[in-house]
Amino acid sequence: MARSLRYIALERELHQLRQHLLPRRFSSTGVYRTPVHTRTLAYRVLAHAELESYLEDRVKAIYRKAITSYRNNGTVTRVLASMLAFSGVLLETPPESIVPPQPNQAPKWDDKIKLANKITLVGNAFNSTIEKNHGIKEKNLLSLLLTIGVDPDEIDGAWLSNMDSFGKERGVVAHSSQSVHRTQQPPDPESEHRKVLLLLNGTRVIDEVLNRLENI
């Protein structure tokens, strides 16, 4: 299956980061000067940001398309059904009356009796989840992917674990003010590049899954 345009953009951005921040040729001895290690840490943080942005952008586009499809022709897709199931918005039973029992309940009564309103609430809740997302750890990935209908069996366990580890490694740098001078084991640029390529390859599989969901 063809790669999405967003995935192609991800490939391009990661390639540019590699060109701008990592050595043109990796050392056969693994010995580098401090500025190289510093740029390697920057590469880690920025590569993480590109992967995170890719996932958020793709998920956002897919869920918006599902909501638009419902509004235009009443189609409830797998994406929309999954959002209703995983959004965190309570699925209430119908009220006992079609009219609000109290006048002060009138402004929000349609939210209780109209499917379109419930779908809007779900969309708003999921959009908030995406906007507040900060990372590519397992919990972040599941909150994005499961909610739009990705089957757990379609998520490669090794990719999920590697993304989680990379997210934690990024956190060490981004949230602890940890410079290369304070790092017990300075980052190796070649190893860091291999990690990113591995994550990129795994993300391509997810990209294919997302393509199918987008076109259901």
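At what angle do the axes of helix 1 and helix 8 cross, and within what distance do they come? The notes below take this up first. The model is a predicted one.

1. **Helix 1 against helix 8.** The two axes cross at roughly 175° and come within 11 Å. Helix 1 is therefore roughly antiparallel to helix 8, since angles over 145 degrees count as such. On the helix 1 side, the contact uses Tyr7, Leu10, Glu11, Leu14 and Arg18. Helix 8 answers with His193, Val196, Leu200, Asn201, Thr203, Arg204 and Asp207. By class, this contact holds five nonpolar, three polar and four charged residues.

2. **Helix 1 itself.** Helix 1 covers residues 5-21. Its 17 residues should span 24 Å at 1.5 Å a residue, and the end C-alpha atoms are 24 Å apart, so the two agree. Buried in this helix are Tyr7, Ala9, Leu10, Leu14, Leu17, Arg18 and Leu21. The buried residues of helix 1 pack against helix 2 and helix 8. Note Arg18: this residue is in the buried set, and Arg18 is also listed in the contact with helix 8.

3. **Ser4, ahead of helix 1.** Ser4 sits in the segment before helix 1. Its relative accessibility is 9%, so Ser4 counts as buried; the cut-off is under 20%. The Ser4 side chain reaches the backbone nitrogen of Tyr7 at 3.0 Å. Beyond its neighbours within four places in sequence, Ser4 contacts Tyr54, Arg58, Asp207 and Asn211.

4. **Leu5, one to check by eye.** Leu5 belongs to helix 1. With a relative accessible area of 74%, Leu5 is exposed. Leu5 and His193 are 188 residues apart in sequence, and their C-alpha atoms are 23 Å apart in space. His193 is on the helix 8 side of the contact with helix 1.

5. **Helix 2 against helix 8.** Here the axes are 11 Å apart and the packing angle is about 5°. Helix 2 is thus roughly parallel to helix 8. The residues divide into ten nonpolar, four polar and six charged.

6. **Length and end of helix 2.** Helix 2 has 40 residues, 34-73. From first C-alpha to last it reaches 59 Å, close to the 58 Å expected at 1.5 Å a residue. Just after helix 2 comes Gly74, with a positive phi of about 75°.

7. **Arg78.** Arg78 lies in helix 3, residues 78-86. Its relative accessible area is 39%, which means that Arg78 is partly exposed. The Arg78 side chain reaches the backbone oxygen of Gly149 at 2.7 Å. Leaving out neighbours within four places in sequence, Arg78 is in contact with Gly149, Val150, Asp151, Leu213 and Ile216. Ala158 is 80 residues from Arg78 in sequence and 26 Å away, C-alpha to C-alpha.

Conventions: Residues are numbered from 1 along each chain as its sequence is written. This is a predicted model: local features need pLDDT of at least 70, side-chain atom pairs count only at pLDDT 80 or more; totals for chains, interfaces and linings use all residues. Side-chain values use heavy atoms; hydrogens and water are left out. Helices (H or I, at least four residues) and strands (E, at least two) are DSSP runs, numbered from the N terminus. Buried means under 20% relative accessible area, exposed over 50%, partly exposed in between (1.4 Å probe, protein chains only). A polar contact is a pair of N or O atoms within 3.5 Å; within protein, one must be able to donate a hydrogen and the other to accept it, and residues adjacent in sequence count only if both atoms are side-chain atoms. Contact means heavy atoms within 4.5 Å. Axes are lines fitted to C-alpha atoms, for helices over the stretch in contact, and angles run from 0 to 180 degrees between N-to-C directions. Angles under 35 degrees count as roughly parallel, over 145 as roughly antiparallel, 65 to 115 as roughly perpendicular and the rest as oblique. Ala, Val, Leu, Ile, Met, Phe, Trp, Tyr, Cys and Pro count as nonpolar, Asp, Glu, Lys and Arg as charged, and the others, Gly among them, as polar. The expected span of a helix is 1.5 Å times one less than its number of residues.
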